[in-house]
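Visitor: Please show me the model, and then I will ask about it.

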Amino acid sequence: MSRRRARAGLLACIAGTALANNYAVQPALGDVARDTGTTAAAIGLVTTAALAGCIAGFAFLLPLADRAAPRRLVTGQLLLLATGLVLASLAQGLGVLLVAYVIVGAGASVSAMASTIAGRGAREERRGAAVAFVAAGMSAGILLSRLVGGALADALGWRGMLLTFAALVLGCAGAAWWRLPGERPAPTGGYLATLAALPGLLRRYGTLRRAVLNGSLWYFAFSLVWVALTVRLAQPPYALDSATIGLYSLAGALGFAALPVAGRLGDRYTPRAVIRASMAVAAAGAALLCTGLDRPVVTVAGLALLDAGCFTAQAANQTRILAVDPRRGGSLSGVYLLLYFLAGALGAGLAAPLLTLGGWPAASGTVCAALVVAGVLGLRRDAPRVGAVREAAEV
């Protein structure tokens, strides 16, 4: 195995392990609420705290990928994540738990940093495959997190589960220190100047604006459909329990399996071509979901196609963004993921109101419309960015 491939494999493991911590506690939230004296309604803020921390990590930590050595940066962020997990395991009340999960979310944002480092370290003709490999690790982390977290919580209690994940994260930190490069990227300015320049990146790079718009649409749809599905299946006439509803998440395995293929196709053709095909697949899945939830096989097929389309489009979109300017990959990804996750939060927040106003047809129809619009926007070509000719002349 080549050094580059081994490094991409390590980064995929780090990304999956880190991101899993945003979700692993969710099956045990009832136990957490009882042990900490928190109401069932308030304990849901733990998920919100993790998301807030992750968004903060994208905004303030991910741009460091353009300035700091991968060895120090990834190791430091994993240590931050482990600290948050240990603090959460010691929490006796909701306040400490929320602070801990903001730290956990910020540490888990190292998953996006891993993708940037993998893409930057790969040869240009293999960049798509490297980014997709790390994306597959992230998808595996999301897919397996609730299953593994629930099993560990049953065996060890939720505090023991968090400490087990902290130990895994520390193992990843040791591997990162041992195997990742210690050389710093060429600096592109001071850290505060880098942060101040983030809003201007949207004005400067048309490709970034289109990538943000496309990605925001499909993550809005992805978040909306999964929250709406969970809520609707728990209601009559389905009235499924949480364990049965959780089995539907296994439909995401198709997206995980499709990622390596999507990475190779992105290198052979273009990321835009992969995005167009992915949105067609995702929209087909959403169309199946629009037929209703009375046939579980059709529902699972729709979810599998929708997940596969969204996962592969995301990997291609990150490759597309990194290619804009590899020197600023961390900053570009930070802007993208910040807006991407905000769109996902909007989708999750609209799920219940849409179900209340129009039932499942309103929710699934909105999802289908968002994916069709994302596919149509994917037909537009990426124009050369402003200033590219001048920068080429300067070089």
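Visitor: Which residues have the most contacts inside the largest nonpolar core?

Guide: The model is predicted: local features need pLDDT of at least 70 and side-chain atom pairs pLDDT 80 or more, while totals for chains, interfaces and linings use all residues. Numbering starts from 1 along each chain as its sequence is written, and side-chain values use heavy atoms, without hydrogens and water. A nonpolar core is a set of buried Ala, Val, Leu, Ile, Met, Phe, Trp, Tyr and Cys residues joined through side-chain atoms within 4.5 Å, and buried means under 20% relative accessible area with a 1.4 Å probe, protein chains only. The largest such core has 116 residues, and those with the most contacts inside it are Leu78, Tyr101, Trp218 and Leu371.

Visitor: Which helix gives the largest share of this core?

Guide: Helices are DSSP runs of H or I with at least four residues, and strands are E runs of at least two, numbered from the N terminus. The protein chain has 16 helices and zero strands. With 17 residues, the largest share of the core comes from helix H15 (residues 329-377).

Visitor: Which residues does leucine 78 contact, leaving aside neighbours within four places in sequence?

Guide: Contact means heavy atoms within 4.5 Å. On that basis, leucine 78 touches Ile14, Ala18, Val110, Val169, Cys172, Ala173 and Ala176.

Visitor: What percentage of contacts with a separation of 6 or more joins residues 24 or more positions apart?

Guide: The count covers contacts in the protein chain with a separation of 6 or more.

Visitor: What percentage of the protein chain is buried?

Guide: The chain has 395 residues. Of these, the part that counts as buried is 53%.

Notes. Buried means under 20% relative accessible area, exposed over 50%, partly exposed in between (1.4 Å probe, protein chains only).
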